[in-house]
Amino acid sequence: MSTTTAAANRGRVLGSAAVTWLVLAAALLLWELVAIGADSVYFPRMTDIIATGADVLLSGPAWRLMLGDAVFEIVLPSLATALGAWALSAALGVALGTALGRSSWAMDYCGTLISFLRSVPPVTLMPAFMVMFGIGVQMEIAAIVFSTLWPIVLNTVDGVRSVDQVKIDTARSLGTPRRYWIGMIVLPAAMPKIFAGLRLSLSIAILLMVVAEIVGGSGIGLRISTTQSTVQYTEMWFWVLLLGVLGYALNTALLAVERLVLGWQPARGDDA
Amino acid sequence: MRTFAKGLTGLLGFFLLWEITVQAGVLPDYWVPPASEVATTFVELLGDREFLLGVIATLLAWLIALGVAVGIGVPAGLLLGSVPALQSASRALIEFLRPIPAVALIPLVMVTIGSGPDAKITLAVYAAVWPILFNTIYAFGEIDPVLLDSARATGANRRQALTWVALPHAAPFIFTGVRVAASIALIAVISVEYIAASEIGLGRYILEGGMNNGHLDQVMAGTVLAGLAGWAINSALVGSGRRLFRWADTEERATR
Amino acid sequence: MSTMLEVSGLTHQYGQGERAHVAVQDLTFTIEAGQLACIVGPSGCGKSTLLRCISGLIPATGGSVRLHGDEVSGVPDDLAVVFQDYGRSLFPWLTVAKNVEFPLRWQKVSKAERQRRAAEVLESVGLAGVGKKYPWQLSGGMQQRVSIARALVSRPALLLMDEPFASVDAQTRGELEDLTRRVQRDLGSTILLVTHDIDESVYLADRVLVLSKSPAAIVADLAIDLPTERDQIATRESEQFVSLRGEVARLLQSPQVQRTGENAPAETPAATTGTDDTTASDATAASETTAPAEATGAALSDGADTAEAADAAGSPDPTAASRS
Ligand SMILES: Nc1ncnc2c1ncn2[C@@H]1O[C@H](COP(=O)(O)OP(=O)(O)OP(=O)(O)O)[C@@H](O)[C@H]1O
Ligand SMILES: [Mg+2]
């Protein structure tokens, strides 16, 4: 039973950075040993995967810091699409969520619709997106925006609604003019919830990036499906694991931004 | 009930808007078929034996996947949540594995397991286990030590305190995790059926519609059904969560 | 002395028809400029409702409120409110200094002037040097000082305080009471303060208004003629204080206060000796229980947040997986 307080928790988390790396190293080593034992084409050794990855990513000239073509032609375009679409979705979602959340009746009518739209598997809409936008970046962006929008909208609505009555009374009694209301009171109060929505949708964005790329044939998604059909399982594993690394890095970066923006919050346990 | 009527109004309004924009030519009809056409296909499908068998296959795979995910996620979460050393050790691994989307594993699973029911269940379990695991770990991490101490002070031993205080405290959180996992598992099953071209299932049916170009009504009808099913499952779980955990307002707010 | 606040025939009713509840009925009183008046009354009698009507936060359903002659509709500029719930009335996303500067933002005050005035008023409430901290880094008593500072910074003509010291410890409460009297004297402000606590009302006020049970009506209007300089120990021991306190306590126990229904006459019974502390201690107990109750509420809603956060945090992968 964990009876540690939040503060003790934080201390432990800080102290455990070393543990984190140790565990990761141990996991990689375990993989290596199991792969040697299993001796299967489907399950290559970790050292081979890393070597292949280094080959793919670091084959470029020195003036590009050794970064290979794959970085510029596969990884970065994929990331740019995912992040661009996610940012678009964030702007739309926060605006829409604020409008819906401020209205006293809009969510009564739109709440069910939005939950329905959120339950639609975006993958099955790919044929429709392909017809609408053709195969290419536009389609990928449309698919990502469609699937990341709803969590942001719902979390923003929730955040906007969670401003408590005492704060509203206080702000009114201090004479806050109407036009500053959203910027000074509503959005700051909703920010923690909005960030929760942004983090959720960031991982959805990466997911949909892969889906759209597998279906549309580009970027990392295409590499994963090609390496499978050409029996290059080592490289396939590399791309899959790279997604884990990218997801981890993006999430960490967003958490850092969140800490900066929400610096006013009492430190909570590290809620990844 | 009035809120239900309003929600339904919103939903119908959406389909009406869809119909009107397509009929009026604002959206070209080779982009999206009008809602009425999709509705007709939808009704026809409900009388189609083969299609219904596919839907049942999908739901069965979903149910099994969810069961397995609960069977793995809850015990693992209880273990990780109650042993701090394990939790911090596993943290890095979980944080790293979590962002690997199940879709990215489809090619891998296809070569190792094939594209039958095992494949979609495996991937759906992988997808669904995370929210359950996370919510369980956090439910145990977030419990107020004062609560446990006061239970111990009433003479409860460690095990009793765990059973009567920690578990009830954690239950609503775990349930929320299961609810989220249920939606995810359904989307996962359908997506795998679609991408891996399973022999049978709702996703497979939508894939066929997409392949014989021009059958967008089939795609849309299948997608609408999938959305409705996901929405119904989620609403049912929200409802029962509210009834089960009346003392906690977690569900209420987590679902909106 | 000019009249600061004129309340006449004030009535407020929550809800309509069957479920209507009259919280305040036909209240009439005036407060002179520079006065510190306390309102005491049984729990739930409508004190907070009265303050919310006076401050224009809710429109009264009947009667009128005039602030130095002008009819109040909407929140007047030269009025400030200090709420009981300091934890929720400070903006957690702003530092202490920014919280205090907040009301000056809407006035034509330069940034440098804003900062100067915020620092000045923080110092006057004994909080010099904490401006850069966030509210949650301060103790409860300090947080309540911040909200008092914020109320004072725009130099309001009228300061309304709703049970401002109910959830702080006894020591801090004494300090804040003295602080209130000091700033009132220094700035010459007019204060209307609601409290549960009979001792507090007598100690603080120049005048005590006793309200009846719901719907609130004025039962008594006592002038407190204690010396201007008051001392937590000496004043509270003085005979005059004890007899005034007894009088208020007796009034609160009187049938007029306990009555339900029609208005009681606003007549002041003669003071008698012998104190009956039951009411006082009851009232104190009541105000003290609010704190734990609120704490529980906060804990609950935190829990909800956490669940949601975990939900959201957890769902990414799941969702990701789900769509895979
Ligand atoms: N928003 C509301 N809607 C309906 N009734 C309300 C509302 N707010 C208060 N009331 C009712 O009005 C009455 C007066 O409430 P009010 O909060 O003014 O009392 P109070 O004197 O401040 O009580 P306390 O001393 O406990 O703070 C109570 O009976 C309460 O139930
Ligand atoms: Mg009150």
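How many helices and strands are there in chain A? In this predicted model, chain A has eleven helices and zero strands, where helices (H or I, at least four residues) and strands (E, at least two) are DSSP runs numbered from the N terminus. Residues are numbered from 1 along each chain as its sequence is written, chains are lettered from A and ligands numbered from 1 in the order in which they are written. Local features need pLDDT of at least 70, side-chain atom pairs count only at pLDDT 80 or more, and totals for chains, interfaces and linings use all residues, while side-chain values use heavy atoms, with hydrogens and water left out.

Along the sequence, the pattern of chain A reads α-α-α-α-α-α-α-α-α-α-α. Its C-alpha trace spans about 70 × 55 × 45 Å along the principal axes. Of the 272 residues in chain A, 55% are buried; buried means under 20% relative accessible area, exposed over 50%, and partly exposed in between (1.4 Å probe, protein chains only). Chain B likewise holds eleven helices and zero strands. The C-alpha atoms of chain B fill a box of roughly 70 × 50 × 30 Å, taken along the principal axes, and 55% of the 256 residues of chain B count as buried.

We turn next to the aromatic rings. Over all chains, a search of the whole structure finds 20 aromatic pairs. Rings of Phe, Tyr and Trp (its six-membered ring) pair if their centres lie within 6.5 Å, and planes under 30 degrees apart count as stacked, over 60 as edge-to-face and the rest as tilted. The pair of B:Phe51 and B:Tyr205 is edge-to-face because the ring centres are 4.7 Å apart and the planes lie at 70 degrees. This pair links distant parts of the chain, with B:Phe51 in helix α3 (residues 49-82) of chain B and B:Tyr205 in helix α9 (residues 202-211) of chain B, 154 residues apart. Both B:Phe51 and B:Tyr205 are buried.

In chain C, the charged end of C:Arg236 sits over the ring of C:Tyr203, 4.6 Å from the ring centre.

Finally, there is ligand 1. The residues surrounding ligand 1 include C:Tyr14, C:Lys47, C:Glu163 and C:His196, a residue being near if one of its heavy atoms lies within 4 Å. A polar side-chain atom of C:Glu163 lies 3.3 Å from an oxygen atom of ligand 1, and one of C:His196 lies 3.1 Å from an oxygen atom of the ligand. Taken alone, ligand 1 exposes 630 Å², of which the protein buries 59%; accessible areas come from the Shrake-Rupley method with a 1.4 Å probe, and for residues only the protein chains shown count as cover. Within the shell around ligand 1, α1(C) gives the most, with three residues.

Methods: Lys NZ or Arg CZ within 6 Å of the ring centre and 35° of its normal. Polar contact = N/O pair within 3.5 Å; in protein donor to acceptor, adjacent residues only side chain to side chain.
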